[in-house]
Amino acid sequence: MTMDQNAEGVVDAVVVYDGRVLLVNARDRWTLPSGDPEPAESASATAARAVYELRGYRVDGSTPLPPRGADSASARTAVVCQLLSETPSGDAQLEADQVRWLSLAEAVDAGLSETVRVYLEGHTPV
């Protein structure tokens, strides 16, 4: 099974736009948008669907990240997504106050998985 085939666990969407990362408030905690895969759904498709359902943004979900360190044993997958629509649809589950755009540097210190943190560190301007 490749990383882009059917995901077996929760998939995190790392939505990057204009040097910022999208976080959502889930259960009183700021985290990446995420979702459980539907039957035969790829990790990339799960990430794109989760972002659209939660906040109404269209994203491409094109780059699954290889697990690193402690994350390599978990079933959680992270997919980098590029924003395709700057304006969210009106059908989103979350309201605007449940969404934050953090700079890449801020997101590195936001308690995200090691896989995501390493990716963001490699893309943060110095």
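This is a predicted model: local features need pLDDT of at least 70, side-chain atom pairs count only at pLDDT 80 or more; totals for chains, interfaces and linings use all residues.

Reader: How many aromatic pairs does a search of the whole structure find?

Author: The search finds two aromatic pairs. One of them joins Y17 and W101, with 6.3 Å centre to centre and 65° between the planes.

Reader: Is Y17 buried, exposed or partly exposed, and how do you know?

Author: Buried means under 20% relative accessible area and exposed means over 50%. Y17 has 27% relative accessibility, so Y17 counts as partly exposed. W101, at 22% relative accessibility, also counts as partly exposed.

Reader: What makes Y57 and W101 an aromatic pair?

Author: The centres of Y57 and W101 are 5.8 Å apart, and the limit is 6.5 Å, so the rings pair. Their planes are 75° apart, and the pair is edge-to-face. Y57 is in the loop between α1 and β5, W101 is in strand β7, and 44 residues separate them.

Reader: Why is Y57 called buried?

Author: Y57 has a relative accessible area of 8%. The limit for buried is under 20%, so the label applies.

Reader: How do you know that the charged end of R58 sits over the ring of Y52?

Author: The charged end of R58 is 4.4 Å from the centre of the Y52 ring. The distance part of the test asks for CZ of Arg within 6 Å of the ring centre, so 4.4 Å passes that part. The label also needs an angle within 35 degrees of the ring normal, and R58 is listed as sitting over the ring.

Reader: Why are β1 and β2 said to pair?

Author: Two strands pair if there are at least two bridges between them. β1 (residues 11-17) and β2 (residues 20-25) have two bridges and run in the antiparallel sense, so they pair. V16 has V21 in β2 as its bridge partner. The two strands form a hairpin with two residues between them, and D18 in the turn has a positive phi of about 50°.

Reader: Which other strands are joined to β2?

Author: β7 (residues 99-103) is joined to β2 by five bridges, again antiparallel, and R20 stands opposite S103 in β7. β3 (residues 30-31) pairs with β2 in the antiparallel sense over two bridges. The bridge partner of N25 in β3 is W30. β2 and β3 form a hairpin with four residues between them, where R27 in the turn has a positive phi of about 55°.

Reader: Which residues touch the most other members of the largest nonpolar core?

Author: They are V15, V51, V59 and C81, in a core of 17 residues. β1, β2, α1 and β6 each supply at least two residues of this core, and the largest share, five residues, comes from α1.

Reader: What does V15 touch, not counting residues up to four places away in sequence?

Author: V15 touches R20, V21, L22, V51, V59, C81, L83 and W101. A second, separate core has 16 residues, among them V14, V21, A78 and V80.

Reader: Where is D12 found, and why is D12 called buried?

Author: D12 is found in strand β1. Its relative accessible area is 5%, and buried means under 20%, so D12 is buried.

Reader: How many helices and strands does the chain have, and what share of its residues count as buried?

Author: The chain has three helices and seven strands, following the pattern β-β-β-β-α-β-β-β-α-α along the sequence. Of its 126 residues, 44% count as buried.

Notes: Residues are numbered from 1 along each chain as its sequence is written. Side-chain values use heavy atoms; hydrogens and water are left out. Rings of Phe, Tyr and Trp (its six-membered ring) pair if their centres lie within 6.5 Å; planes under 30 degrees apart count as stacked, over 60 as edge-to-face and the rest as tilted. Buried means under 20% relative accessible area, exposed over 50%, partly exposed in between (1.4 Å probe, protein chains only). A nonpolar core is a set of buried Ala, Val, Leu, Ile, Met, Phe, Trp, Tyr and Cys residues joined through side-chain atoms within 4.5 Å. Contact means heavy atoms within 4.5 Å.
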